[in-house]
Amino acid sequence: MPELPEVETTKRGIEPYLKGKRITNIVVRNASLRQPVTANIAECCKGQLILSVSRRGKYLLIATARGNLLIHLGMSGSLRIVPANSPPQKHDHVDLVVGKQAVRLRDPRRFGLFLWSEERLAEHPLLKNLGPEPLDAVFSAEHLWNVSRKRRVAIKNFIMNSHIVVGVGNIYANEALFMSGIRPTRQAGKISRDDFERLVINIRKVLKDAIRQGGTTLKDFRNEEGKPGYFAQELRVYGRAGEACSCCGERIKSKVIGQRSSFYCSKCQK
DNA sequence: ACAGTAACCTGTTTGC
DNA sequence: TGCAAACAGGTTACTG
């Protein structure tokens with residue numbers, strides 16, 4: 001599910017309910033996510049004042065003076081604001097209780113994470129090797145050029161690699177490559193500087209546009225109010241195999257690249 | 001160091 | 001209609 005725009009939408013949605021409040025409790029109903037929910041997590045952070053809510057890549061970070069909550073939504077996770085006493089549904093695994101309300105993690109596939117960490121975030125194993133934020137200035141054509149030399153992996157896999165740049169998942173990788181006229185199978189090391197310039201611009205554009213629309217809801221993404229995002233209607237190639245290209249009319253092709261379904265126009269993308 | 005694959009899970013869609 | 005297979009937005013551990 002959630003790529004950067006969906007995580008950013010979630011971050012903006014939950015922030016007003018959390019910032020400046022004290023953590024009342026954390027209720028864990030099912031600790032078996034991709035990693036087990038940190039043992040005794042409630043005792044670790046009960047009573048702590050929430051200083052900030054932020055995002056790094058697809059990770060949500062909730063900071064207190066003693067440590068940080070680190071949440072990842074995996075493939076099927078979502079966070080909602082609910083009354084703390086409302087009955088949980090089948091896949092509602094964890095509640096972060098703040099007063100009479102709770103931020104509730106629902107994650108049917110349990111690929112998500114809900115962790116407590118007292119080490120410096122810059123040192124955290126899940127965060128320390130991440131590449132730049134695509135919406136930061138340090139993410140540039142020069143960066144992509146520098147780290148792609150002699151790399152033979154397909155450009156689509158390359159930009160989905162969080163060590164290269166964070167937050168670009170399958171949907172937006174397909175879209176950004178279409179917008180840039182780059183065939184997703186091309187070797188990263190053979191992309192020209194001009195192509196990288198366009199790719200950087202379009203990765204930023206597609207992510208910003210999707211954030212503006214509240215993210216992309218294919219099936220189960222919901223914001224903190226349980227409402228879907230509206231960017232799906234603006235997707236140009238993702239999920240459109242066999243349809244006419246919006247630019248030239250050619251039929252959109254699909255192909256599995258690196259185990260992920262990929263979509264492109266063979267006329268517009270070389 | 002790099003590239004490719006399997007694995008972690010469950011729900012929904014597709015095809016016979 | 002029923003059942004099994006295929007597929008899904010992410011990440012990482014392992015292999016060669």
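Predicted model: local features only at pLDDT ≥ 70, side-chain atom pairs only at ≥ 80, totals over all residues.

Biologist: How far apart are the end C-alpha atoms of helix α6?

Modeller: Helix α6 covers residues 193-212, so that's 20 residues.

Biologist: Which elements do the buried residues of α6 pack against?

Modeller: The buried residues of α6 include Phe196, Leu199, Val200 and Ile203. Their packing partners are α1 (4-18), α3 (141-148), α4 (155-160) and α5 (170-180).

Biologist: Asp195 forms a salt bridge with Arg198. About how many helical turns separate Asp195 and Arg198?

Modeller: In this salt bridge the closest N and O atoms are 2.4 Å apart. Both residues sit in helix α6, 3 residues apart, so the separation is about one helical turn.

Biologist: Is Arg198 buried or partly exposed?

Modeller: Buried means under 20% relative accessible area, and exposed means over 50%. Asp195 is at 10%, so Asp195 counts as buried. Arg198 is at 38%, so Arg198 counts as partly exposed.

Biologist: Glu133 meets Arg55 in a salt bridge too. How many residues apart are Glu133 and Arg55?

Modeller: Their side chains meet at 3.0 Å, N to O. Glu133 lies in the loop between β8 (113-117) and α3, while Arg55 belongs to strand β2 (residues 52-56). This pair links distant parts of the chain, 78 residues apart.

Technical notes. Residues numbered from 1 in each chain as written. Chains lettered and ligands numbered in written order. Heavy atoms only, no water. Helix = DSSP H or I, 4+ residues; strand = E, 2+ residues; numbered from the N terminus. Expected span 1.5 Å × (residues − 1). Buried < 20%, exposed > 50% of the residue type's maximum accessible area, 1.4 Å probe, protein only. Contact = heavy atoms within 4.5 Å. Salt bridge = Lys/Arg side-chain N within 4 Å of Asp/Glu carboxyl O.
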